[in-house]
Every structure is written in structure tokens, then in C-alpha cells.
Amino acid sequence: MEKVTFHGIEVDRCTKCRGIWFDRLEKEALKRLEGSERVDVGDPKVGKEYNKIGKVKCPRCKTQMISMVDAEQPHIRFEVCVICDGSFLDAGEFKDYKEETLLDFFKDLLLR
Ligand SMILES: [Zn+2]
């Protein structure tokens, strides 16, 4: 993990898979900041591969995390730690989470 700071918000990025760990509410806070998608430097294709690995341990407390989907964009699947209340997004997922595109809208309609 490496520390990445954007406008005072510090997140941890995995040096291997480029997934990003967000502490409680950091994901929401960063989403509102212009240009914050730059912290997500990973390849979304790699991120998708990691999505298939079901069991991921929390980088903070090593508890088994649970898989969640975003309420507004259900095609985004990420891991949450119920102990730390943080979340782990695979490479490319934060960008996707931040940018709600028309394509996302249709993708999510199909999932409903
Ligand atoms: Zn944890």
C-alpha cells in the first residue's frame, strides 16, 4: 500500500493491483472533489479481474470484508469492512463511481 493524498484526504493505494482503500466517508468526500479521479490510476481491466476474487481481507484489521454494490450504481461492486467502516475499490472503480455516465445508467437499468 502507498499513501496518496488529494486535497488533504489521504487514501491507501495498493502498489500491486492499484485498488484503493478508503477510510470511513473518504470515498464520498473524494467523489465531491473535482479532479479526484486522478487517484485511481489502475487499469480497470485488472480491477475487473480482482472482482472475481471473492474473499478479500481488510488492509487495516485483516477481517474478511463483505461484498457490496453501490446503491446508485449497482454495477459497481466493492468490498467493505464492517469493523473499520472503510471500503476497498478495485482499480478503475473509483473513476466509475465518480462519473455517473449515461452508459452506466443503462447498465444499471439492465441489472434491475
Ligand atoms: Zn477492517
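Is Arg18 buried, partly exposed or exposed, and how many other C-beta atoms lie within 10 Å? I looked this up first. Arg18 has 19 other C-beta atoms within 10 Å, so it is partly exposed; a buried residue needs 20 or more. I note that the model is predicted.

I placed Arg18 in the loop between strand 2 and strand 3. I then checked its backbone. Arg18 is not a glycine, yet its phi is positive, about 65°. Most residues other than glycine have a negative phi. I found another such case in Asp85, with a positive phi near 60°. Asp85 sits in the loop between strand 5 (77-80) and strand 6. I counted 10 other C-beta atoms within 10 Å of Asp85, so this residue is exposed.

**Entry: overall layout**

I listed the elements next. The protein has four helices and six strands. From the N terminus I read β-β-β-α-α-β-β-β-α-α. The radius of gyration is 13 Å, and the globule rule gives 13 Å for 112 residues, so the protein is as compact as a globular protein of that length. I noted the span of the C-alpha trace along its principal axes as about 35 × 30 × 25 Å. Buried residues make up 26% of the 112 residues.

I followed strand 3 to strand 6. They run antiparallel and are joined by three bridges. Phe22 stands opposite Ser87 of strand 6.

I turned to strand 1 (residues 2-6) and strand 2 (residues 9-13). They pair in the antiparallel sense over five bridges. Thr5 stands opposite Glu10 of strand 2. Two residues lie between the strands of this hairpin, and His7 takes a positive phi near 45° there. How many of the five residues in strand 1 are buried? I counted zero, so I wrote strand 1 down as hardly covered, by the cut-off of 20 or more other C-beta atoms within 10 Å.

Leaving aside neighbours within four places in sequence, Ile9 is in contact with Glu26, Ala29 and Leu30. I checked Ala29 by distance.

**Entry: the nonpolar core**

Which residues touch the most other members of the largest nonpolar core? I found Val11, Ile20, Trp21, Phe88, Leu89 and Phe94, in a core of 13 residues. Strand 3 (20-22), strand 6 (87-89) and helix 3 (93-98) each supply at least two residues of this core. Strand 3 gives the largest share, three residues. In soluble globular proteins, nonpolar side chains tend to be buried together.

I ended on Leu89. Not counting residues up to four places away in sequence, Leu89 touches Gly19, Ile20, Phe78, Phe94 and Tyr97.

Definitions and conventions. Residues are numbered from 1 along each chain as its sequence is written. This is a predicted model: local features need pLDDT of at least 70, side-chain atom pairs count only at pLDDT 80 or more; totals for chains, interfaces and linings use all residues. The radius of gyration is taken over C-alpha atoms; the globule rule is 2.2 Å times the number of residues to the power 0.38. A residue is buried if 20 or more other C-beta atoms lie within 10 Å of its own, exposed if 12 or fewer, and partly exposed in between; C-beta atoms are placed from the backbone. A nonpolar core is a set of buried Ala, Val, Leu, Ile, Met, Phe, Trp, Tyr and Cys residues joined through C-beta atoms within 7 Å. Two residues are in contact if their C-beta atoms, placed from the backbone, lie within 7 Å. Two strands pair if DSSP finds at least two bridges between them.
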